[in-house]
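Here are my notes on the model below. Please read them with the coordinates open.

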Amino acid sequence: MKKLAWWIVGLLGFEFLLGMLAAMYEEVPADAPYQVFQHLGPISTHTFVAWVLTILAVVYFVKAMKEQSYKMLATIGLFSVLVAHSAGVLFTVYGQNDVWSIVMAIAFLGAFASYLIAAVQ
């Protein structure tokens, strides 16, 4: 469980950096947001890593429930990843609204904290 938690923490850090690069160097077309995925760049990589994190958060949650350990941290982590992922989709679809950016950032903090605590305990 700790090894998986460390992998998730590392990927969350990478995801954060990709998000910063995307915010600085890419623009989502307002009329056709899907076009941002037609080339490899920070946003498409950010999206791919988000899907990997979502899958790993589900795996971590299932393992935590089976092993009866870290259940609260796994629940908070999964919830936070799902909220961040959903906010990212809404941010892309609805024209880069700052509200969704803040939701992503807060959810990221929740996920990062919960998996980091699980990794170091």
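1. Terms for the surface. Patches are built from residues with over 30% relative accessible area and no salt bridge; like charges are joined within 9 Å, and nonpolar side chains (Val, Leu, Ile, Met, Phe, Trp, Tyr) within 5 Å. A salt bridge is a side-chain nitrogen of Lys or Arg within 4 Å of a carboxyl oxygen of Asp or Glu. Accessible areas come from the Shrake-Rupley method with a 1.4 Å probe, and for residues only the protein chains shown count as cover.

2. Ground rules. This is a predicted model: local features need pLDDT of at least 70, side-chain atom pairs count only at pLDDT 80 or more, and totals for chains, interfaces and linings use all residues. Numbering starts from 1 along each chain as its sequence is written, and side-chain values use heavy atoms, leaving out hydrogens and water.

3. The patch. Phe 16, Leu 17 and Met 20 make a nonpolar patch on the surface, about 290 Å² of accessible area together. Leu 17 sits in helix α1, residues 2-25 (helices are DSSP runs of H or I, at least four residues, and strands are runs of E, at least two, numbered from the N terminus). Leu 17 has a relative accessible area of 52%, so it counts as exposed (buried is under 20%, exposed over 50%, partly exposed in between, with a 1.4 Å probe and protein chains only).

4. In soluble globular proteins, nonpolar side chains tend to be buried together. Here the largest nonpolar core has 22 residues; Ile 8, Leu 12, Leu 53, Tyr 60, Val 81 and Tyr 115 have the most contacts inside it. α1, α2 (42-67), α3 (71-93) and α4 (98-120) each supply at least two of its residues. The largest share, 7 residues, comes from α1. Such a core is a set of buried Ala, Val, Leu, Ile, Met, Phe, Trp, Tyr and Cys residues joined through side-chain atoms within 4.5 Å.

5. Ile 8. Beyond its neighbours within four places in sequence, Ile 8 is in contact (heavy atoms within 4.5 Å) with Leu 53, Leu 56, Ala 57, Tyr 60 and Tyr 115.

6. Cover. The buried residues of α1 include Glu 15 and Gly 19; their cover includes α2 and α4. In α2, Ser 44, His 46 and Thr 54 are among the buried residues, with α1, α3 and α4 included in the cover.

7. The loop. Most residues other than glycine have a negative phi. Gln 68, in the loop between α2 and α3, has a positive phi near 55°. Tyr 70 lies in the loop between α2 and α3, with a positive phi of about 55°. Gln 68 is exposed at 54%; Tyr 70 is partly exposed at 24%.
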